[in-house]
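Look at the fold below before reading on.

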Amino acid sequence: MAQPLVRTETDAAPVKTGGRWSRPRLGRGTPHANRRSLPARVWKERSAYVFLLPGMLIFSVFTLAAVAFAVYLTFHRWSIIEPDKPFVGLDNYRDMMHDERFTESVLNTVYFSGASVPLSMATGLLLALLVNLPLRLRGLFRTAFYLPVVTPFVVSAILWKWLYNGDYGLFNYYLLHAHIIDTPLLWLSDKNLAMPAVILMSVWAGTGFSMVVYLAGLQAIPQELYEAARIDGAGAWHRLRYVTIPMLRPSTLFLLVMGIISSLQVFTQIFVMTNGGPVNRTTTMVYYMYLWAFKYFDMGYASTLAFALFLMLLVFTALQLRLARQASGA
């Protein structure tokens, strides 16, 4: 039996009234007439909004309101120890553009990110390939390699600061006994060694996370691809290059984005190990922001630096995602 045809407002025949063509209004049974108003729909689902209300309040107070107040601070000379907080307009932004120490902190942050992120990813991939092999006690090795990730960062920084000590640090001890160096190295006091020393510590602390992500990606690769490559005569190197690495592209993109976001916000190891020295060689953007906020007490300029960092993060992330889409499309 044929179903009755239900006409909607879009397929009603137009009529001419008063010299203009228009569609006639349909009855209450039409879909348009049955649509509820927004307040009615909200009231109908009121129980869901009651459960969402605590999270929405927390997000509004501690995120939206905080961001709005930070924007407000950027237009003021806001000192936490002075009662006068004058409106300065765009002076904070102009000062930031001409601040040589800020430029130096940006270069230090880019140097740190450009060295630590690729090293952590490469070392993590190597460890993931090793612990993915059918070895004895590989569960123990996985745990040992992942321990630095769950170790508090302050504890790790203090430990490595002791290892780098110029008088009784283990690095100098073993290098001297191996006759690799003649005099102890001042790892954290030498302007040419301080940043590489911090980068080495950061790679040690972050490699375990890269290993776990790559290990999950390796175990998701179908074994049929490796079997087909072996049948075609591909060796271990060719299987790694043409099967493993291309199949790990999503994991690599994830680690690259997360690694750059994390490295651009590096602070703890700088604060504990070097305090931005020597001669500002390890002063990063977040540490420079900390100085203006809690040493010079200028929250307005510190908030301006924070928005500059946010802009950098936004640009880097958008660029990486766009390059990833182009690569996947190709």
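Two rings of Phe, Tyr or Trp (for Trp, its six-membered ring) count as an aromatic pair if their centres lie within 6.5 Å; planes under 30 degrees apart are called stacked, over 60 edge-to-face, and the rest tilted. By this rule the structure has 22 aromatic pairs. One of them joins Trp160 and Trp204, which are tilted, with 5.6 Å from centre to centre and 55° between the planes. This pair links distant parts of the chain, since Trp160 belongs to helix α7 (residues 153–163) and Trp204 to helix α9 (residues 194–219), 44 residues apart. Helices here are DSSP runs of H or I with at least four residues, strands are runs of E with at least two, and both are numbered from the N terminus.

The model is a predicted one, in which local features need a pLDDT of at least 70 and side-chain atom pairs count only at pLDDT 80 or more, while totals for chains, interfaces and linings use all residues. Residues are numbered from 1 along each chain as its sequence is written, and side-chain values use heavy atoms, leaving out hydrogens and water.

How covered are the two Trp residues? A residue is buried under 20% relative accessible area, exposed over 50%, and partly exposed in between (1.4 Å probe, protein chains only). Trp160 is buried at 7%, whereas Trp204 is partly exposed at 32%. Ring pairs also tie both of them into a cluster with Tyr164, Phe171 and Trp187.

Rings can also lie under a charge. This is counted if NZ of Lys or CZ of Arg is within 6 Å of the ring centre and within 35 degrees of the ring normal. Arg46 lies over the face of Trp43, 4.3 Å from the ring centre. The charged end of Lys85 sits over the ring of Trp78, at 5.3 Å from its centre.

Trp78 also touches Leu73, as do Asn92, Met299, Gly300 and Ser303, leaving aside residues up to four places away in sequence. Contact here means heavy atoms within 4.5 Å. Leu73 is part of helix α3 (residues 46–73) and is buried, at 7% relative accessibility.

Now turn to helix α14 (residues 285–294), which packs against helix α5 (residues 100–131) at an angle of about 145°, with the axes 8 Å apart. Axes are lines fitted to C-alpha atoms, for helices over the stretch in contact, and angles run from 0 to 180 degrees between N-to-C directions. On the α5 side the contact is made by Arg101, Phe102, Ser105, Val106 and Thr109, and on the α14 side by Met285, Tyr288 and Leu291. Seven of the 10 residues of α14 are buried, so this helix is largely enclosed by the rest of the structure.

Most residues other than glycine have a negative phi, and most peptide bonds are trans. The bond from Gly277 to Pro278 is cis, with omega near -5°, and Pro278 is in the loop between α13 (268–273) and α14. That loop also holds Asn275, whose phi is positive, near 55°. Asn275 is partly exposed, at 48%. His179, in the loop between α8 (170–177) and α9, has a positive phi near 60° and is exposed, at 70%.
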